[in-house]
Protein chains: 2
Amino acid sequence: MDARTVNIVLVGVGNLGRRFTQLLADKAAHLKTRYSLDLRLVGVADSRGVASDPAGLDLETIVRIKTDEGSVGEYPNVGKLQATAVELVREVEANLLCEASPVNLQAGGEPGLSCVRTALAKGMHVVTPNKGPIVLAYRELVDLAASHGVKLRFDGTVAGGLPALYLGMRDLRGATIERIEAVPNVVTGFILDQLAEGASWEDALARAQESGHLEADPSWDLDGWDATAKLAILANAVLDYPARLEDVSREGITGISPEKVKREAARDQLIRLLAVAERAEDGNYSLRVRPEALPKTHPLGHLGSHKIGVVYTTDIYGTITAIIDEPTPLPSAATMLRDILDIYATQ
Amino acid sequence: MDARTVNIVLVGVGNLGRRFTQLLADKAAHLKTRYSLDLRLVGVADSRGVASDPAGLDLETIVRIKTDEGSVGEYPNVGKLQATAVELVREVEANLLCEASPVNLQAGGEPGLSCVRTALAKGMHVVTPNKGPIVLAYRELVDLAASHGVKLRFDGTVAGGLPALYLGMRDLRGATIERIEAVPNVVTGFILDQLAEGASWEDALARAQESGHLEADPSWDLDGWDATAKLAILANAVLDYPARLEDVSREGITGISPEKVKREAARDQLIRLLAVAERAEDGNYSLRVRPEALPKTHPLGHLGSHKIGVVYTTDIYGTITAIIDEPTPLPSAATMLRDILDIYATQ
């Protein structure tokens, strides 16, 4: 059978976008053999420039440019510095947008949100691990995709490489979800484990920074914004509950007392930044993010420093826990491949 | 929007079939509101008789008959004693078969296998938690469904209410699966925990029987046949590896020494009947079922007595663990609803 070609535009070639590009190269033969799919990158944008080629860009060239901290605008012959991602999405003919630019809630989710809107309105499918557009405009984007007959997938937005959204949206159909409990953020768990082992706040932070887990703006993780955004997306997508960021009661780990963490750990409790959605009698959900002490009997009570997880408590499917061990960001980047195959794979 | 009517034939009204019938009654309003679906039972068969009504059978009547240990052949006016399930499937006009008769490998998977074949060949979708037909005729049935343009779903065959198959078949697309480890059987874990706590084999067996976990033929669970069948289905469906029962190296828990179990437990190990598929260099898988001692650091090292779980170790999606706490068989019965919604739900 001839392979079906899927022309892709990738916006954002940072930590996830670069790994995804490498993945496209590494998996090309497998995808052709197993799914008869030829995933071709015809456009790429980073914050400084763009490149496009209807015949397909060379993946290794892009990875090399980005590994050397260059811009794809420097791509030989077809690179353009200064051109923007939104212009690229508007101009390039493609079937699908991978939107992997960094989450940016302060700037109204831009440039991701405009790229996603532009692509859907053009009739392109969109896959994205970027929480920004989804948390800020969930309903608008879902409706926009439906009205243009295209698909919007965002598995990477809530739990790294764990398919928490597919599990919740698809495998729990028919159930009433009584409660979602998630530990969706790696770096806060890493820091809490350091504190539990006796490190000072300064040392714990420094080690988190060294390990590469901490974002440029530490407040995003430490003040619980990341977990809050993820919980809001879970609420919208899985619970069909139209939550905004401000509907989540939020308490981060900033300023948590190392003594308290050590004390709880000594009592065999695991401290994690827990995101919880709880169903009330009236069918509404209360949403909160805060550090909690989990006993060892809790389904997430044994999460290691590199693990994240989610627990769904349901009326008819029992209590289902899913956990991922994700020592590198590769699984998070690979969610874009999972999403693409959800759209295109026929088996 | 008008609800879409799905006419269903249910074969097997034992532990799972009866709960599924109750579920159809309990969830009718929710399914109509949320998915615009009207699931109507137009035919039902147990081992002693059948009943059918194109206008829909009364669900509560069926549940009452079965709770009183009667046969659906005694259903008022439309019940027929002596008629068989296969005849019912052949004669009744319906969109979908739920095949929930007991697993029966000795009898060549009958009557389940004939019912499934008949339904697919008639152009009916099939959902089934019955391992028999799937383990004995996986490739034939998958091809038969494809050639008639209908769907075959069997989520309930490998891990009770845990969507281990959906996770493996869909969310791991694109990955190479290096290893599957599963604890797919509840009763063996229950017995091993009893032994670990100091019970004799006789007492452990008696308690398992009391708890309702043990099948009429204890050898099915204790000698590892159940876990073997589940591993073979995982291999076929998730790994695309054409394994038969005899390709699995099988060792059950019969005759395991209570002293050994107690000794391992004292060393903080959890003993479970583990089913493992491991990928070799050449791409083939070795398959085995045997009791193993899991350290607390193993992703399944904290499984309680009522839990089952699966671990997928992959090249690009990290290591993903899914666990279900299933104190009653309701989640296993509900897999048929999950499967039906996978076929019919458009959202």
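Hi everyone, let's start inside chain A. Strand β1, residues 4-11 of chain A, pairs with strand β2, residues 37-45 of chain A, in the parallel sense over eight bridges. To pick out one spot, A:V6 has A:L39 as its bridge partner in β2(A). Before I go on, please keep in mind that this is a predicted model.

In chain A, seven strands make up an open sheet with mixed pairing, and the order is β4-β3-β2-β1-β5-β6-β7. At the edges stand β4 (79-81) and β7 (152-153) of chain A; each has a single partner strand, so one side of each is left without a neighbour in the sheet.

Now for the helices. α1(A) lies across β1, β2 and β5 (96-99) of chain A, and runs at about 160° to β2(A). Helix α4, residues 112-121 of chain A, lies across β1, β5, β6 (125-127) and β7 of chain A, running at about 170° to β5(A).

So much for the sheet; what about the partner chain? Here, 31 residues of chain A are in contact with 31 residues of chain B. On the chain A side, the elements giving two or more residues are α1 (15-35), α6 (164-171), β13 (319-325) and α12 (330-344). Which of them gives the most? That is β13(A), with seven residues. By type, this side of chain A divides into 19 nonpolar, six polar and six charged residues.

β13(A) pairs with strand β13 of chain B, residues 319-325, in the antiparallel sense over seven bridges. Within that pairing, A:D325 has B:T319 in β13(B) as its bridge partner.

Key
Residues numbered from 1 in each chain as written. Chains lettered and ligands numbered in written order. Predicted model: local features only at pLDDT ≥ 70, side-chain atom pairs only at ≥ 80, totals over all residues. Contact = placed C-beta atoms within 7 Å. Helix = DSSP H or I, 4+ residues; strand = E, 2+ residues; numbered from the N terminus. Nonpolar A, V, L, I, M, F, W, Y, C, P; charged D, E, K, R; others polar. Pairing = 2+ DSSP bridges. Axes fitted to C-alpha atoms, helices over the stretch in contact; angles between N-to-C directions.
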